[in-house]
Amino acid sequence: MRILGIESSCDETAAAVVEDGVSILSSVVASQLATHARYGGVVPELASREHLRAIVPVVRLALEEAKSSYSDLAAIAATMGPGLVGSLLVGLTFAKSLSFARNIPLIGINHIEGHIHAAMLDSQVDFPAVALIVSGGHTHLYEVSEKFSYRLMGKTRDDAAGEAFDKVAKLLGFGYPGGPVIDQLAPYGNARAVPFTLAKMKGNVLDFSFSGLKTAVLRWTQVRDLAAEIQARRDLLAAHPRPTADEWRSATPQTTLDLLASFQRTVIEELLRRAVAAAESTAARSLIISGGVACNTGLRAAARELHLPYPVHFPSPALSTDNAAMIAAAAFPKLARGEFTDLSAAATAGLALA
Ligand code: KG4
Ligand code: ZN
């Protein structure tokens, strides 16, 4: 049973063919990073135009690499939300057209459900599970049942974790996206140098907050004269858009490396503290951590060092960031249940899971 997955919720145009929900026959991702990097973040209008340009060749390549034709497909799965509505519309409308023209059932997928299913593409997950989805747009904790029903346990009250990485990086002249750069530089800093504290929450103790930490970083920068080092990094970026870790390091004094390491440590502690509390409160048999921030090497190491009594599943980095294999994987149980989506279904920017 082959499913063609299509993903276009943010700044990646992706298509993949997945067989029986687990084996990836192809996974093509066209990144728009180069388009958005110079604006310091994703520009929605540019994103939809780039999706329009990429969607046909990306889908064609995914089918070619999977040695599949339309007649081999049991379903076409596409992200319906959450995400940028103009971006979602491109992938979803394209999927609907294919579904209509080729008479192949359509399955609309929630992007977050896709991130959860990414973990099942490269490991065996025991249920019930708790899933922490951490990306540029989300920081959500779900309880996941064996039959893939979802209960929201906690979420960020302000910024998503990836957004906090991106904003801190931008503030210091590291360009966009900031997560990978901070991840590369953090090992060179002292993670205890700046005593950031974890957010204290009233109400749901499984909610997250990163705005206090972001403000603390801003205050740290305001009492120092960083103009020269920030300019040096901007010059580095202007010279070429992808500086190496060594180049960034040579443009970053030790005090700033210490700040980055301390910031990253605090985000990791915030994430793991709540994820572990959620897993304990539900007697989960596994913990899934997925989404772009799940690529963070410090987060992966810290999770390992906790020696939790249940496995922690991080999808491989290529499956942690946005891709379409996870969308096709999430559609497989729906195909088995005959849960199809009507062609009138709309792309929904704030689509909720659960
Ligand atoms: O899942 P994703 O590709 O797209 C969204 O759905 O948002 O996640 C992108 C986010 C960005 O905020 C980026 O800075 C962050 O994931 N990110 C990382 C790392 N790689 C990507 N954050 C921390 N460490 C990383 N290695
Ligand atoms: Zn995502």
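This is a predicted model: local features need pLDDT of at least 70, side-chain atom pairs count only at pLDDT 80 or more; totals for chains, interfaces and linings use all residues.
A salt bridge is taken here as a side-chain nitrogen of Lys or Arg within 4 Å of a carboxyl oxygen of Asp or Glu. Across the whole structure, 15 salt bridges were found. One of them joins arginine 2 to glutamate 19, with the closest N and O atoms 3.0 Å apart. This pair connects distant parts of the chain. Arginine 2 belongs to strand S1 (residues 2-7), glutamate 19 to strand S2 (residues 12-19), and 17 residues separate the two. Glutamate 19 has a relative accessible area of 24%. That value falls between the 20% and 50% limits, so the residue counts as partly exposed.

A second salt bridge pairs glutamate 113 with lysine 334. Here the closest N and O atoms are 3.3 Å apart. Glutamate 113 sits in helix H4 (residues 111-122), while lysine 334 sits in helix H13 (residues 325-337). The pair therefore ties together parts that are 221 residues apart in sequence. Both glutamate 113 and lysine 334 are buried.

Arginine 337 and glutamate 339 form a further salt bridge, their closest N and O atoms being 2.7 Å apart. Arginine 337 is partly exposed, at a relative accessible area of 44%. Glutamate 339 is also partly exposed, at 35%. Elsewhere, salt bridges with shared partners join Asp159, Glu163, Lys167 and Lys214 into one network.

An open sheet is formed by 5 strands. Their order is S8-S7-S6-S9-S10, and the pairing is mixed. Strand S8 (150-155) and strand S10 (312-313) are the edge strands, each pairing on one side only. Strand S7 (residues 139-144) runs antiparallel to S8, and 5 bridges join the two. Within this pairing, tyrosine 142 has leucine 152 in S8 as its bridge partner.

Two helices lie across the strands of this sheet. H4, the helix that holds glutamate 113, lies across strand S6 (129-134), S7, S8, strand S9 (286-290) and S10. H4 runs at about 120° to S9. Helix H10 (residues 254-282) lies across S6, S7, S8 and S9. The direction of H10 is at about 160° to S6.

Serine 135 is placed in the loop between S6 and S7. Its relative accessible area is 8%; serine 135 is therefore buried, the limit being under 20%. Leaving out residues up to four places away in sequence, serine 135 touches Ala160, Ala161, Gly162, Glu163, Gly291, Gly292 and Val293. Among these contacts, Glu163 is also a member of the salt-bridge network described above.

The largest nonpolar core holds 50 residues. Leu141, Phe263, Leu271 and Ile289 touch the most other members. Elements giving two or more residues to this core include S6, S9, helix H5 (161-171), helix H6 (178-185) and helix H7 (211-222). Helix H8 (227-239), H10 and helix H11 (297-305) likewise give two or more. H10 supplies the largest share, 12 residues. Beyond its neighbours within four places in sequence, phenylalanine 263 is in contact with Ala164, Phe165, Val168, Ile182, Phe196, Leu213 and Val217. Another core, of 26 residues, lies apart from the largest one. Its members include Val17, Ala78, Ile104 and Ala347.

How values were computed:
Residues are numbered from 1 along each chain as its sequence is written. Chains are lettered from A and ligands numbered from 1 in the order in which they are written. Side-chain values use heavy atoms; hydrogens and water are left out. Helices (H or I, at least four residues) and strands (E, at least two) are DSSP runs, numbered from the N terminus. Buried means under 20% relative accessible area, exposed over 50%, partly exposed in between (1.4 Å probe, protein chains only). Two strands pair if DSSP finds at least two bridges between them. Contact means heavy atoms within 4.5 Å. Axes are lines fitted to C-alpha atoms, for helices over the stretch in contact, and angles run from 0 to 180 degrees between N-to-C directions. A nonpolar core is a set of buried Ala, Val, Leu, Ile, Met, Phe, Trp, Tyr and Cys residues joined through side-chain atoms within 4.5 Å.
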